[in-house]
Amino acid sequence: MKTRLICLTVLVCLLGSSGLLAQQTVGWRTDGTGIYADATPPTKWSTEDHIIWKTRMPDWSNATPVVVGDRIFVCAEPTTLVCVRASDGEILWQRTNTYLDMVDPGEVDN
């Protein structure tokens, strides 16, 4: 009975939050089509033109940023995830893992 109540509570929470997520633009190319009918992209680009802000990343990256609300998530090579505030480019946090963090400790040869 207790397990059913927990499962029902989790289900209600998930269904209730799905409407909130549906209203946000989330992910790569938002809806997956890459079509933005109302967009007016710049036709000229430089290090100074059409730049709202710049943020020095901890390392190089060729990752596609993911925008969620006022947050931009992007990877910096080789193993760092960076969260940037979209409004001003401030790095809010970054987390770095090593390849060994992904391996079961019992599988690592000492």
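The largest nonpolar core consists of five residues: Ile72, Val74, Ala76, Val82 and Val84. A nonpolar core here is a set of buried Ala, Val, Leu, Ile, Met, Phe, Trp, Tyr and Cys residues joined through side-chain atoms within 4.5 Å. This is a predicted model: local features need pLDDT of at least 70, side-chain atom pairs count only at pLDDT 80 or more, and totals for chains, interfaces and linings use all residues. Residues are numbered from 1 along each chain as its sequence is written, and side-chain values use heavy atoms, with hydrogens and water left out.

- Strand 3 gives the most, with three residues.
- Strands (E, at least two residues) are DSSP runs, numbered from the N terminus.
- Val84, one of the core residues, touches Trp53, Thr55, Asp70, Arg71, Ile72, Gly89, Glu90, Ile91 and Leu92. That list leaves out residues up to four places away in sequence. Contact means heavy atoms within 4.5 Å.

**Salt bridges**

- The whole structure holds four salt bridges. The criterion is a side-chain nitrogen of Lys or Arg within 4 Å of a carboxyl oxygen of Asp or Glu.
- Glu48 pairs with Lys54, with the closest N and O atoms 3.4 Å apart. Glu48 is exposed at 59% relative accessible area, and Lys54 is exposed at 57%. The classes are buried (under 20% relative accessible area), exposed (over 50%) and partly exposed (in between), using a 1.4 Å probe and protein chains only.
- Arg71 pairs with Asp70, and the closest N and O atoms are 3.7 Å apart. Arg71 is partly exposed at 33%. Asp70 is partly exposed at 32%.
- Glu90 pairs with Arg85, with 2.2 Å between the closest N and O atoms. Glu90 is partly exposed at 39%, and Arg85 is partly exposed at 21%.

**After strand 5**

- Asn97 lies in the segment that follows strand 5 (91-96).
- Asn97 counts as partly exposed, at 40% relative accessibility.
- Asn97 and Thr79 are 18 residues apart in sequence. In space, their C-alpha atoms are 5.6 Å apart.

Terms used: Helices (H or I, at least four residues) and strands (E, at least two) are DSSP runs, numbered from the N terminus.
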